[in-house]
Every structure is written in structure tokens, then in C-alpha cells.
Amino acid sequence: MDQDEVLALFDRQSRREARPDGPDARVERDGDVVRQVGPPHAWNGVLWSGLDEESADAAVARQVRFFGDLGLGFEWKLYAHDRPADLADRLLAAGFAAEPAETVMVARIADLDTGVEPPDGVRLVPVTDAAGVESLAKVHELAFGADSRRLRDHLLERLSDDTVVPVLAVAGGRPVSAARLDLPPGTSFAGLWGGGTVPGWRGRGLYRALIAWRARRAAERGYDYLQVDASDQSRPILLGLGFVPLTTTTPYVRS
């Protein structure tokens, strides 16, 4: 894989030319800034910017005013290769708070082992109704210790949307792991999100099985790559499966 070439393709398709990730969201271009705007439970923020030392502060101030006028908190999704080099410091000075950085990792689906199956007694079940969304949200809370209201609202809103595919791992009738696959139109990259397993079921291969399951579905839909924003915990597993790091991304959040 030519990592520079793939990163350039990712920047163009998934950031500069991004499409909304929900029915009530829209993607707008404000000069050299691409942002998504939606209801409070949606992801609101800056997807891409092409700034320099002279334009950065004014562009940041415009986004703060814009989302502030709407009464929305928002995220500036900053990538390590974004410019200017001190954009992170400028965001902090403008009142943003940095959350933990993640590694943007990509794999060519054709290079992956997509035959991995879950352990005996575990079924992988697509989420297709509100009850399934509720089960997925509960797994998310147990796996990450985080509030899942926003995720629940987002998935309920997109139940009829075939560009998002949530999936549960179920053992003995109990959901024990969950994840989702995003299939944004017009891109080569299918996104892996939210892979988490409840305590007591970790280390049994569920994470790998959920990746393989989603890779098969992405391949069926014609995608070339899987992309994931990996935490420090998932990065070693993904490296072992054949994913390569392209860059890092840090959420800068302003409430």
C-alpha cells in the first residue's frame, strides 16, 4: 500500500468531499473549512480545513460564532498533517479542549483474512429494530463506561438507512459485543466504529470476528478499504490483522 497515496484519497473522499452522516445533517463549505451541521444529537463539527498562518485564526473564530449562534457544541477533528502546524495551539487558545488522540488505520479489504468466525456459541446478528439498538447501546455502556444516549438516537434515526450496519455478538441470548459499519456513498472507505466487548468476554476473538464480518459486508458493497480511528487498546490488534497507520486524529471539542 502506498500510504501517502491512500492518505490523499482519504482526505479527498472522506473529508473534503464528505457527505452527511444522517438524514437531518448537512455538509457545508465555508471558505477553506468543511463542516457538518445537524441536530444536537448528531455529530457537529469541522471535517477538513485547508488553512495557513494568515487565515487560521479568523476561520476558527467563524466556526465558533457559527455553531454558537445555533446553540451547538461542536468538534474540530484535527489530523496530524493538517496545517498550519500550530493549529492545535490556536484551537486551545479559542476555548477548545483536546480529547485523546487516535490513530487513523486503513486496510485493503482484499488483503484481510475475512474468514474469521466468532467462538462457539456466539452469533453475529445485524441490528434491524429499536430493540436491537437498545441492546447495542447497553453493550456500549458496559464496554466503554460512557453514556450512549447520543449513539442510541443516531442509530434509531438511521434504522432504515442502508449506509449504516450495526451488529451484535449474542451468546446464550445475551448481547456481549457490538460494533457498526458505516458505508458512506461515493467513497472507497468503509468505516469501522464502536467495536466494544463487555467485561468477561474480552480476549475471546470477538473483536476480530466483528472486523471480519464487517469486511465481508463492505466488500459485497464494493468498498476497497476499511478505515478505523483506533485507540491505543485496539491499535496493536489492528496492526496484527494487517491494518497500517496513516496519521493521527485528535478531537478538539468546544461546548
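Contact here means heavy atoms within 4.5 Å of each other. Helices (H or I, at least four residues) and strands (E, at least two) are DSSP runs, numbered from the N terminus. The model is predicted: local features need pLDDT of at least 70, side-chain atom pairs count only at pLDDT 80 or more, and totals for chains, interfaces and linings use all residues. Residues are numbered from 1 along each chain as its sequence is written, and side-chain values use heavy atoms, with hydrogens and water left out.

**Overall form**

The protein has seven helices and twelve strands. Its C-alpha atoms fill a box of roughly 60 × 40 × 30 Å along the principal axes. Buried residues (under 20% relative accessible area, 1.4 Å probe, protein chains only) make up 49% of the 255 residues. Of contacts between residues at least 6 apart in sequence, 70% join residues at least 24 apart.

**Helix α2**

Helix α2 covers residues 56–69 and reaches 20 Å from its first C-alpha to its last, close to the 20 Å expected at 1.5 Å a residue; the expected span is 1.5 Å times one less than the number of residues. Its buried residues are A56, A59, V60, Q63, V64 and F67. They cover an arc of only 140 degrees around the axis, so they sit on the same side of α2; the arc is that of the directions from the helix axis to the C-beta atoms. The elements they pack against include those in the table.

| Element | Residues |
|---|---|
| β1 | 26–30 |
| β2 | 33–37 |
| β3 | 45–49 |
| β4 | 74–79 |
| α3 | 87–93 |
| β12 | 244–254 |

Just after α2, G71 takes a positive phi of about 70 degrees. In the loop between β4 and α3 lies P84, and the peptide bond from R83 to P84 is cis, with omega near 0 degrees.

**Nonpolar cores**

A nonpolar core is a set of buried Ala, Val, Leu, Ile, Met, Phe, Trp, Tyr and Cys residues joined through side-chain atoms within 4.5 Å. The largest has 42 residues, of which A218, L226, L238 and F243 touch the most other members. Helix α6 (residues 206–220) gives the most to this core, with eight residues. Leaving out residues up to four places away in sequence, A218 touches I109, L181, L183, A190, Y223 and L226. Apart from this core lies another, of 18 residues, among them V37, V60, V64 and F67.

**Loop residue S188**

S188 lies in the loop between β9 (174–182) and β10 (189–197). It counts as buried because its relative accessibility is 13%. Beyond its neighbours within four places in sequence, S188 is in contact with L9, Q13, Y223, D224 and Y225.

Definitions and conventions. Buried means under 20% relative accessible area, exposed over 50%, partly exposed in between (1.4 Å probe, protein chains only).
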